[in-house]
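Please look over the sequence and the structure shown below before reading on.

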Amino acid sequence: MAPLWKCPKCGHRFATRNLWHSCVRLPLAVHFSGKPKRTRGLFDAWRAFVRRAGPFHVYAQKTRIVFMTRARFAGAMIRRDWIDAALWLKRRAEHPLLTRVEYIPPGNWAYRFRLTDRSQLDRALLDLVRESYAVGKQEHGMAARAQDGRRRFRAREEAFGRARGTEERGRRPRGEVAESYVI
Ligand SMILES: [Zn+2]
């Protein structure tokens, strides 16, 4: 696999050279300013939980924090009393926490869930996090797509009922880039 391109300005790494991003550096602490300490504790628990899958970069963007290896695979939006944790998968998955799902063609499912207590981070979720981590390392995508087959893929898309036009993909915000470190 090609090495990641590192933006000389913000240090954010990308699988594609010169990928558009707004190139902002923000300290992680900005997301926790004025919020209860417990909220930072929740984020740290989520980050440590994901770390069980392997090392990754943490980037603080303007509205969210993203976890990335070759690609973004998980992250969080920091609310006052909870965090909206996120993970990306290449398939429709089930877990009681995963109530908010967005389908992003082709073959990407973005899951968000409200994390209010670290006890929610259970074994079944860890399995999904490990899967999402493999997606981030881009070890998963091609195999999964080949396995799916076009017909089965379309059926899923319809069943899920949230399919969006592929033209919308190009307009998805890439997000702002900021502080980066590997944990
Ligand atoms: Zn940059």
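## Two backbone features

Just after helix α2, glutamine 138 adopts a positive phi of about 60°. Helices here are DSSP runs of H or I with at least four residues, strands are DSSP runs of E with at least two, and both are numbered from the N terminus. The peptide bond from proline 105 to proline 106 is cis, with omega near -5°. Proline 106 belongs to the loop between β7 (100-104) and β8 (108-115). Most residues other than glycine have a negative phi, and most peptide bonds are trans.

## Basis and confidence of the model

This is a predicted model, in which local features need pLDDT of at least 70 and side-chain atom pairs count only at pLDDT 80 or more, while totals for chains, interfaces and linings use all residues. Residues are numbered from 1 along each chain as its sequence is written.

The mean pLDDT of the chain (the predictor's confidence in each residue, from 0 to 100) is 80, and 75% of the residues reach 70 or more. Confidence is highest in α1, at a mean of 97, and lowest in strand β9 (residues 180-182), at 46. Over residues 157-183 pLDDT stays under 50, and the model has 61 contacts beyond four places in sequence for this stretch. Two residues are in contact if their C-beta atoms, placed from the backbone, lie within 7 Å. Where pLDDT is low, the predicted coordinates should not be read in detail.

## Overall organisation

The chain has four helices and nine strands. Read from the N terminus, the order of elements is β-β-α-β-β-β-β-β-β-α-α-α-β. Of the 183 residues, 25% count as buried. A residue is buried if 20 or more other C-beta atoms lie within 10 Å of its own, exposed if 12 or fewer, and partly exposed in between, with C-beta atoms placed from the backbone. Among contacts in the chain with a separation of 6 or more, 68% join residues 24 or more positions apart.

The buried residues of α1 are Leu42, Phe43, Trp46, Arg47 and Val50. They lie on the same side of α1, because they cover an arc of only 130° around the axis, an arc taken from the directions from the helix axis to the C-beta atoms. The face turned away from this buried side carries the exposed residues Lys37, Arg38, Gly41, Asp44 and Ala48. The buried residues of α1 pack against β3 (57-60), β4, β5 (72-78), β6 (83-89), β8 and α2. In α2, the buried residues are Leu125, Val129, Ser132, Tyr133, Ala134, Val135 and Gly136.

## The β3-β4 hairpin

Strands β3 and β4 run antiparallel and are joined by four bridges; two strands pair if DSSP finds at least two bridges between them. A hairpin connects β3 to β4 through four residues. Valine 58 has phenylalanine 67 as its bridge partner in β4. From β3, His57 and Tyr59 point one way and Val58 and Ala60 the other way, and all are buried.

Methionine 68 is found in β4 (residues 65-68). Is methionine 68 buried or exposed? Methionine 68 counts as buried because it has 21 C-beta neighbours inside 10 Å. Its C-alpha atom is 5.0 Å from that of histidine 57, 11 residues away along the chain. Residues up to four places away in sequence aside, methionine 68 touches Phe56, His57, Tyr59, Phe73 and Gly136.

## The nonpolar core

The largest nonpolar core has 32 residues, and those with the most contacts inside it are Trp46, Phe67, Phe73, Ala76, Ile83 and Leu87. Such a core is a set of buried Ala, Val, Leu, Ile, Met, Phe, Trp, Tyr and Cys residues joined through C-beta atoms within 7 Å. At least two residues of this core come from each of α1, β3, β4, β5, β6, β8 and α2. The largest share, six residues, is supplied by β6. In soluble globular proteins, nonpolar side chains tend to be buried together.

Beyond four places in sequence, phenylalanine 73 is in contact with Phe67, Met68, Leu87, Trp88, Ser132, Tyr133, Val135 and Gly136.
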